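Visitor: I am new to this structure and would like to go through it step by step. Could we look at the sequence and the model together?

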Amino acid sequence: MPETIRLSGVNKRFGGVVVANNVELTLEQGEILGLIGPNGAGKTSLFNLISGIIIPDSGAIYFQEQSINKLGVFQRARLGISRTWQNIRLFPSLSVMDNLLMGSRRYEGEFIMNTFLRRRQLDRITKDRMAKASHLLDRVGLRGQGDTLVTELPFGQQKLTALVRALMNDGRCLLLDEPMAGVEADVYETMKAVVREEAGRGRAVCVIEHSIAFIRDLCHTAVFLFNGEIIARGTVGELLCRPELVDIYFGCADAGAWEKRHV
């Protein structure tokens with residue numbers, strides 16, 4: 001399949017802390033790739049490098065074969081790189097709908113002159129964006145919640161709202177940072193179904209998640225990150241069969257016992 005994201009020899013350190021060590025990684029169109037490893041391995045830092053929050057010391061990052069090293073965060077978002085966050089990062093004073101409109105890939109209302117010179121066109125575009133957002137809310141079981149203040153939603157529904165906001169950017173790359181952390185059980189199947197549907201439509205998806213069951217159910221392939229370095233790649237089953245990885249990640253020799261506590 002065509003590549004969507006490629007990291008080539010990417011390095012990044014903060015003083016003596018290495019968060020990316022000669023990282024070589026390809027994320028293909030329609031792929032759901034799992035990114036696993038212990039806390040502090042550099043998983044979120046890798047997302048920050050791809051999305052432009054931090055800049056590599058060396059190496060190159062490509063989006064659909066175009067180098068994006070010199071592009072800012074908003075430029076990468078407009079190309080079609082969207083993400084979620086471990087701590088959600090919704091706008092607490094805004095409604096669900098207003099939070100979703102913020103995620104649009106390119107919203108003409110961002111340019112103040114459009115509010116004066118292209119008012120009718122802007123109103124039509126906003127109406128279309130709202131219709132798209134309503135459709136996405138339906139997909140995740142949040143129909144009719146557009147006017148709700150986002151902080152009034154249960155935590156699991158806030159997680160779904162964050163996912164929908166990322167989907168409002170209809171680009172080719174979706175980065176999910178611990179989407180299942182802290183959510184209720186009924187969100188699991190919804191989240192999983194939506195991610196599969198998006199990959200089926202051609203999005204390249206990369207998932208950071210400590211729920212091994214979630215990664216195993218969704219991802220054919222996972223990469224194991226440790227000290228900023230990718231040290232293994234394979235199915236979740238293959239990775240769990242390697243005692244040295246089990247010891248690094250789980251702190252014990254019995255992956256099965258750990259998995260029972262973290263499904």
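Guide: Two strands pair if DSSP finds at least two bridges between them. The model is predicted. With that rule in hand, I36 stands opposite F224 in β9.

Visitor: How many bridges join β3 to β9, and do they run parallel or antiparallel?
Guide: A pair needs at least two bridges. β3 and β9 are joined by four bridges, and the two strands run parallel.

Visitor: Which strand runs antiparallel to β9, and how many bridges join the two?
Guide: Strand β9 covers residues 221–226. Within this pairing, L225 stands opposite I230, and F226 stands opposite E229. The partner that runs antiparallel to β9 is β10, and the bridges between them number five.

Visitor: Which residue in the hairpin of β9 and β10 takes a positive phi?
Guide: The hairpin has two residues between its strands. A positive phi near 55° is found there, at N227.

Visitor: How many of the six residues of β9 are buried?
Guide: Buried means under 20% relative accessible area. By that cut-off β9 is mostly covered, and its buried residues number five.

Visitor: Is E31 buried or exposed?
Guide: The cut-off for buried is under 20% relative accessible area. R233, at 45% relative accessibility, counts as partly exposed. E31 has a relative accessible area of 14%, so E31 is buried.

Visitor: How far apart in sequence are the parts that D57 and K12 tie together?
Guide: The side chains of D57 and K12 meet in a salt bridge at 3.3 Å, N to O. D57 lies in the loop between α1 (43–51) and β4 (58–63), whereas K12 is in strand β1 (residues 3–14), so the parts they tie together are apart in sequence by 45 residues.

Visitor: Which relative accessibility does K12 have?
Guide: D57 counts as partly exposed, at 46% relative accessibility. K12 counts as buried, and its relative accessibility is 13%.

Visitor: Which helix holds the partner of R139, E197?
Guide: The side chains of R139 and E197 meet in a salt bridge of 2.7 Å, N to O. R139 lies in helix α5 (residues 119–139) and E197 in residues 185–200, so the pair ties together parts 58 residues apart in sequence, and the helix that holds E197 is α7.

Visitor: How far apart are the end C-alpha atoms of α7?
Guide: Among the buried residues of α7 are V187, Y188 and M191, and just after the helix G202 takes a positive phi of about 105°. At 1.5 Å a residue, the 16 residues of α7 should span 22 Å, which agrees with the distance between the end C-alpha atoms, 24 Å.

Visitor: How many of the 14 residues of α6 are buried?
Guide: Helix α6 takes in residues 155–168 and reaches 20 Å from its first C-alpha to its last. The buried residues include G156, Q158 and R165. α6 is mostly covered, with its buried residues numbering twelve.

Visitor: Which element gives the most to the lining of the largest pocket?
Guide: The largest pocket has a volume of about 740 Å³. Of its 26 lining residues, the closest to its centre are A77, M102, G103, S104 and R165. The elements that give two or more residues to the lining are α2 (73–79), β6 (81–83), α3 (96–101) and α6. The element that gives the most, with five residues, is α2.

Visitor: How many residues in the lining of the largest pocket are charged?
Guide: By class, the lining has 13 nonpolar and five polar residues. The charged residues in the lining number eight.

Terms used:
Residues numbered from 1 in each chain as written. Predicted model: local features only at pLDDT ≥ 70, side-chain atom pairs only at ≥ 80, totals over all residues. Heavy atoms only, no water. Expected span 1.5 Å × (residues − 1). Buried < 20%, exposed > 50% of the residue type's maximum accessible area, 1.4 Å probe, protein only. Salt bridge = Lys/Arg side-chain N within 4 Å of Asp/Glu carboxyl O. 1 Å grid on protein atoms, 1.4 Å probe; cavity = no way out; pocket = protein on both sides within 12 Å on 5 of 7 lines; lining within 4 Å. Points joined across faces, edges and corners; volume = space filled by probe spheres on them. Nonpolar A, V, L, I, M, F, W, Y, C, P; charged D, E, K, R; others polar.
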